[in-house]
Amino acid sequence: MKVDFLLQSSPWLVPICLLTGAIYAYVLYQKNSNSWNKRLLYSLTFLRFLAVSITSLLLLNFLIRQIKQDIIRKTVVLAIDNSQSMLVAGKKNLSLATSGLTQLKKDLEDKDFEVSFASLDDEAPENIDNLKFSKKITDLSGLINKVKNNFEGQNLVDVVLVSDGISNEGIAPGSEKYNFQVHTIGLGDTVQKKDLLLKAVYANKIAYLGNKFPIQADVSSFGFSGHNATVFLKQGGKILEKQQVFFKQNDDVKTLTFNTTASQVGVQHFVVEIEPVSGEFTTRNNRQDVYLEVIDGKEKILLLALAPHPDLKALKSIIEKNDNYELDIRILTQNPNPDLSGKSYDLLILHQLPDAFNSYANVFKPLINNGLPCLFVLGNQSGTTYLNQLNQVMQINSNAGQSDKVTGIFNNNFRFLNFEADRMELIKKFPQISVPFGEYKILPGTEVLLYQKVGNLATQKPLFAVNTGAKKSAIFAGEGLWSWRLEEFQLTEKQEVADELFLKVIQYISAKDDKRKLRVYPVNSEILLGEKVVFETEIYNGIYEKQYDIPVKLEIKDEKGSSRNYTFTTSQENAKFEISGLPQGIYRFKAGATVSGKQESASGEFVIKDLQIETMNTRADFDALRQLSAATGAKFYQINQFENVQQAILNHKIPDRIDATEDLKELINLRWLFFLILGLLSLEWVLRKYNGSY
């Protein structure tokens with residue numbers, strides 16, 4: 001540690017302080033020069049000189065600078081890819097890799113290195129001898145970046161990575177820059193094995209009861225030229241369909257399509273499987289699971305329009321993006337009395353209705369009075385007087401035929417739906433649309449999604465607003481949605497922002513309110529094998545206040561009908577319940593609890609999926625490891641070259657890093673100076689008193 005004294009005043013004041021102490025001591029004791037012997041006199045004078053001089057020097061406000069230096073030793077991280085694809089190398093090679101890393105750690109620590117282990121697991125292993133190679137995804141770039149972040153601020157100079165080079169998530173590991181060397185050690189076989197592989201399976205996530213739907217499978221082969229293979233589509237162990245595929249080439253890919261019928265409501269589990277063929281390297285990649293949800297009917301939307309308009313086509317295109325919606329369009333000028341009897345709708349969209357003459361009120365008003373959620377899309381023919389009588393979103397005071405040209409501004413304070421504010425900035429570039437000119441008044445329970453912008457002036461007039469009360473509804477006050485979609489495609493070659501805006505509002509106002517007093521649901525409906533299933537629980541009393549400390553019984557059934565029963569109690573601090581160890585498959589659950597003396601229940605389902613990415617590629621990719629090492633100035637090594645790796649680390653001549661910290665303190669803050677001055681004055685007083693003076 002280095003210590004310096006810094007003076008904040010003129011250095012000429014130091015001798016003045018010493019002179020002050022000397023004069024003070026001399027004047028004080030010269031009158032007693034004949035009373036004491038010279039030795040005592042000089043001692044008392046010196047003690048008083050020190051006390052006064054030090055006190056005077058403290059007035060100059062000295063600073064003490066302490067510089068502390070710490071030597072940070074060089075750090076080496078030994079990382080290993082513990083994914084399932086590494087198992088292809090065999091137990092002998094895996095044991096050779098783990099024992100080699102363990103010995104390398106000992107050797108480097110003996111040479112004064114800081115050494116740590118790392119793997120694909122979230123926590124770094126202390127001992128890799130018992131490491132399980134069970135990770136279902138390999139992200140080598142993520143592993144190295146994790147090492148980089150965990151050892152930030154330390155003197156990380158070298159990383160040793162043992163891997164097969166197969167990475168199926170994240171970016172290519174050699175595409176990033178690092179300020180340390182990455183020595184790679186290859187493990188595995190780079191020779192393509194004779195194998196059949198179910199490369200990919202494609203299916204829609206949603207199907208409708210009674211409808212046929214396709215499941216497409218890509219079957220890849222290597223080394224089976226001139227051979228046939230049989231591919232099955234199964235459900236519940238039952239074969240639904242089988243197809244033969246013939247491979248003409250040594251390296252070939254064939255695409256098969258199975259067509260089946262959705263016969264049950266809920267999540268359905270299908271299996272696509274290749275029948276094993278003699279000579280395959282592995283059959284672990286011959287099967288893939290497919291999960292899709294079968295829905296009994298779509299949500300029905302009725303679009304009533306005053307007259308043909310380009311916005312109708314735009315609304316139709318937006319709504320049909322969601323397969324769960326069924327749209328019924330009726331244009332009243334063409335058919336004034338549409339037959340709606342016997343039909344049930346989930347949402348009503350009124351385009352330029354009511355009009356200035358309140359025509360066709362007999363068609364749409366009964367639907368609104370029956371509580372059907374409604375989205376009003378205004379236009380130049382809209383009658384705002386009659387609109388004000390029908391809606392709970394906003395009041396518009398305007399004269400018929402008067403309009404204004406505006407653009408939209410997204411309201412960043414809108415919180416009822418999740419929108420990315422940065423994406424919504426694109427709305428400012430959309431063309432002007434026509435809105436009623438007049439005064440706008442927001443009604444209670446309404447939240448503004450878009451405001452109007454007239455020229456360069458941002459106003460507080462709503463352009464798109466949603467009422468979030470008991471009777472949900474919304475108003476889009478503009479005519480020209482079609483031009484927004486065209487402009488967005490011109491700018492981005494996509495139609496996402498405007499479509500997302502309307503789709504989310506439609507989903508929100510058409511969603512049925514949940515009045516259940518017991519709600520139990522998994523946080524995620526799709527869970528990866530090995531992860532915990534987390535249930536969220538909400539319990540309400542008669543006035544929908546949250547309740548806690550109520551026992552909940554939970555029953556979970558798998559596809560075979562086997563049950564698992566649990567009991568848990570929620571608290572204000574924790575309303576979650578976790579279950580681990582469930583195998584792959586579809587699970588249906590039922591929860592029950594007694595709330596306010598009445599039995600309440602909730603039910604649902606979830607899926608546990610087994611990712612099979614690691615079985616898709618068993619051929620080691622040493623080129624990727626070579627590129628990674630070359631990009632960091634290191635080299636690629638074979639599994640039997642740990643001594644060469646150690647020598648490369650020792651030859652990497654980077655000195656230990658020295659970190660220095662500077663600390664500034666005022667001299668007056670040193671407590672020991674107070675006790676020094678007190679001690680000097682006390683010793684002086686004791687000597688005076690002992691020798692007969694005060």
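Predicted model: local features only at pLDDT ≥ 70, side-chain atom pairs only at ≥ 80, totals over all residues.
Let me start with strand S26, residues 533-539, which is joined to S29 by four bridges, the two running antiparallel; strands here are DSSP runs of E of at least two residues, helices are runs of H or I of at least four, and both are numbered from the N terminus, while two strands pair if DSSP finds at least two bridges between them. Within this pairing, Glu 536 stands opposite Lys 576 of S29. Residues are numbered from 1 along each chain as its sequence is written, and side-chain values use heavy atoms, with hydrogens and water left out.

The pair belongs to an open sheet of three strands, in the order S24-S26-S29, with antiparallel pairing. Strand S24 (518-522) and strand S29 (576-579) are at the edges and have a single partner strand each, so one side of each is left without a neighbour in the sheet. From one strand to the next, the twist averages 20°.

Further on, strand S27, residues 551-557, pairs with strand S28, residues 563-569, in the antiparallel sense over seven bridges, and here Ile 556 stands opposite Arg 564 of S28. Five residues lie between the strands of this hairpin, in which Gly 561 takes a positive phi near 90°.

Now to the helices. The axes of helix H5 (residues 310-319) and helix H9 (residues 481-492) come within 7 Å and cross at roughly 60°, where axes are lines fitted to C-alpha atoms, for helices over the stretch in contact, and angles run from 0 to 180 degrees between N-to-C directions. That makes H5 oblique to H9, given that angles under 35 degrees count as roughly parallel, over 145 as roughly antiparallel, 65 to 115 as roughly perpendicular and the rest as oblique. On the H5 side the contact (heavy atoms within 4.5 Å) includes Pro 310 and Ile 318, and on the H9 side Trp 482 and Arg 485 are among the residues involved.

Finally, where does Asn 380 lie? Asn 380 is in the loop between strand S18 (374-377) and helix H7 (384-390). Leaving aside neighbours within four places in sequence, Asn 380 is in contact with Gln 352, Ser 403, Ser 434 and Glu 479. The C-alpha atoms of Asn 380 and Ala 356, 24 residues apart along the chain, are separated by 9.3 Å.
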